[in-house]
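I opened this entry to log what I looked up, one item at a time.

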Amino acid sequence: MNKASLFGTLAVLGAALLGTAGHGADHVASVGVPAARLITEDQYVNTLKVVFGPGLKLAPRFAPIPRVQGLVAVGSSHATMTAGALDQFDNAARLVADQVTGRENRDFLITCRPKSNTAADDACAQETLTRIGRVLFRRPLTTAETKAYVKAANQNAESIHDFYRGLAVSMSAMLIAPEFLYVTQPTQTVRGKTTLTAYGKAARLSLLLWNSYPDDALLNAAESGALNTPKGLQAQVERMVASPRLQAGVRNFFDDMLVFENFETLSKDATTFPTFTYKVSVDAREQTLRTVAAIVRDDADFRDIFTTRKTFLTNDLGSIYGVRIDKPDEWVPYEFPANDPHAGILTHVSFTALYAQPGRTSPTRRGKAIREIFLCQKVPDPPANVDFSKLTNPDPSLKTSRDRLEAHRSNPVCAGCHKITDPMGLGMENFDGAGFYRAEEQKAPIDARGDLEGVQFSDAVGLSKALHDSPKATSCLTQRMLGYALGRPLDSNDEALVKSLNEDFINSGYRVRHLMQTIAINDAFYNVEDRSAKVPTKEASNASSSVQKQGS
Amino acid sequence: MSKQYLWKILGLGVVAAASLSYSSVASAKTLGFVVTGWHHSGTFTPDNKVECPQGLGSDGRANFKAQFKTKEEQEAQIKKYAGFEMRARGPNGEIDTYSPELVEDPIPFPEGQGKISYGFNLDGTKDGRATDRTCKHSKFTSPDGETGIDNQYYRSMACITGMRPHGDADAMANSQLLTKMVNRLVFEVTGVDDEKNDESVDVTIAHGLDKVSQGPSGVFIPNLSQRMDEKASAYIFHVKAKIVNGVLISDEMPNLDIAQYPGPGDWGIRAFMNARIKINLKDGDHPTAVLAGYHDVERLYRYWAKTNGIHSITATASGPSLYRSMHRNADGYKDPKTGKCTAISASYDYQLVKAFIIRETPEEKEISDNAPSSANADVQVASAKSPLEVK
């Protein structure tokens, strides 16, 4: 089969599995059949490192997945496969197969030895491909699949006189198979109720808690049927929550929720911010993830992410925060003093720099991000004919962003949206577009007063405290976590579940691990039903999808 | 009472005062800087016409061709001393750079005529007249109008293409400043009560251990942390200073040794006597500084010969001419027996970036105190006083 025809076949297979062929990111809340989720870059890496060990060199770059209801995890069930996208998977597959079967690694990554390196070996090929295939496909290979992959390995080994090259061909094929690239939802109907099979449960559970495909122990629990019993499920969930791999799941959830993939395209005006480097940008993302992950690891109150003064810094970040780093070549824990303007992730460089223009701040972007990310509210995109002249070519007497935005809001077309973003975003004006603290703008003192949902504050610390105390922020987190877990848009049918989970989350002391654990053992997490008749949630119906188009 | 002994007593006094007045010491600030660039101080114009009206100097190769005039003579010399190309110019084939006293360059050597330079008045005279300890020389005026500045080394190097700002040797030295850890130089200023005016602060000059980073447009990033290399204790120098109108001006350091790897050759010690430093604290995150003092001529030449000098063609310099010029312009440490000066005043312009200077933790210090340090071993040699130094 030539490459073009292989691509065509796989694209069709992928689309068929999805049941969403031709659906773009804007077609969100009507899912006719249980969705299949496309593997993400991190899931790909995490899974292959489980199969082949941490020494594998992997840096895959796959086509971006559209964001739906604020999450890539939800968008992954709406991603379509193009020939170009498949080409990237194909390249990654070949690199992996070459490393695994290469001379340096084969002796410890392939557990059997062929009788001859230059000929086919049916037994060794079968042992290897069966073992690998079980993790990649999240279930044992069928007899037909085993036969087909082993046959391909043998045929290639014979034709090129190389057992390992033959094995690599079949391994590459597995790594671009729809069964690997898409997490489908195999179902079973018991007493009229349709749920995921044990293997389907294992996959969903593992993606939620570890952002990876199931490990051997979880597949064993699926195979034995233990995962279908409350006791067996509880045991697996407890094992997984106790594992250090939970950090991968937690970090991926927050990376997704905080829209951190935008760091990959973040750039700053080198004239305005000459010391903002790529390294700062990379470290800023990591700083926030480490901060949030530590709160979850310590089983602390989730809302502390808005107020904690504890964080982790590198030397490069220290230059932005004006903080000395005692070990300049390491990540070091750091706690900002009580009177410091930095408290919580809103004051991190990750947030202040990401939600700004390349050469200046943007209270509008920041306010919009707070509403959409932390309150699960949709802010409409600016109208196409909006006049930005008062912002981009302002009257020089207007010294601060507040002054310029007030002038801009004099246009009633603009005023409506700015009313819902700027009062929050202006609270962060003490941080410039690269995240540096400032008390003045163009020698005029900065007025960082504002309000969030009627709560008045005087600066970013006050804004963060208001967010910490906002019930909407808590319920948004619950909503995002459930959407992340299910990998599909939430609709009206989920509202009761969200409400119940949120109450439980609050009663637990706002502990994220408890929330994840509760979702993982909840029957509803494994239910599969035809949702085509359901009404989308308010957020979904507002226009739930895609990459954020940000205003000024 | 020797000056060093006096300092020790004063130092004890400072410690005692600190222990009596903890709150005031605790509120004092510490400033840190890392050197990001340096050039010789003096007047350097784009077309050289002000400071080198007679043109720039000639390198060893040009002098070889002038010394051995015919093609036959040149080929015979090259053949006789194969492997040394055009550098074997001594009576017995000695290399010009390494035996400068045995080689006479036939091409006249131009010396710098500029009159403007940053620096210090090192000899204390207004006009550079001869004294018991110094030789007659011309003074410079700084761009700010400060008069009486000494910088005789400028006379010798100003017309050597490679040593001028952004010349090959200069550019290489600046490049190596960023890439070679041995070149990383830090200044720590402690006990700063007022950055504009402070009668007494303490300055520590030492080597750093961490990289300096630049932003996308080449600006050095301020406020990074930089560990002081406290293992290399012989490279650590302390001096008192005062701050006047935002400019830090140090007292005199009897000796200051700066290890440098300024070029493609070996590393060496740029050794100062009576050194002083001035840092313009008003310049924000990227201050400028001036470091000046006397260099023992013989020692400075050896430093030059083993660093830039071995690539004197790249530097467009000829060792014998430079060596003679340095002796001719020497203005300090007069030898009472010969009446000739043995040291030359010099001044360097530094570019700095603000940084947090990190000292060793007690645990790290215990390790470094108990471990033999190769850096210190090097310094034992480097710190040996020149036999020519006048006490």
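I am working from a predicted model, in which local features need pLDDT of at least 70, side-chain atom pairs count only at pLDDT 80 or more, and totals for chains, interfaces and linings use all residues. Residues are numbered from 1 along each chain as its sequence is written, chains are lettered from A and ligands numbered from 1 in the order in which they are written, and side-chain values use heavy atoms, leaving out hydrogens and water.

**Chain A overall.** I looked up the secondary structure of chain A and got 25 helices and 10 strands. These are DSSP runs numbered from the N terminus, helices being H or I of at least four residues and strands E of at least two. Chain A has 552 residues, and 55% of them count as buried. Buried means under 20% relative accessible area, exposed over 50%, and partly exposed in between (1.4 Å probe, protein chains only). Next I took contacts (heavy atoms within 4.5 Å). Among those in chain A between residues at least 6 apart in sequence, 72% join residues at least 24 apart.

**Interface of chain A and chain B.** I asked how many residues each chain brings to the contact. Chain A gives 16 residues and chain B gives 18 residues. The area buried between them is about 1300 Å², with 61% from carbon and sulfur atoms. Buried area is the accessible area (1.4 Å probe) that two parts lose on being put together, summed over both. On the chain A side, A:T275, A:S319 and A:R324 supply 32% of the area buried against chain B, more than any other three residues.

I then checked for salt bridges (a side-chain nitrogen of Lys or Arg within 4 Å of a carboxyl oxygen of Asp or Glu). The rule finds one across this interface. A:D329 pairs with B:R227, and the closest N and O atoms are 3.8 Å apart.

**A:N228.** I asked where A:N228 sits. A:N228 lies in the loop between α11 (216-224) and α12 (230-242) of chain A. Leaving aside neighbours within four places in sequence, I found A:N228 in contact with A:Q188, A:A198 and A:K201.
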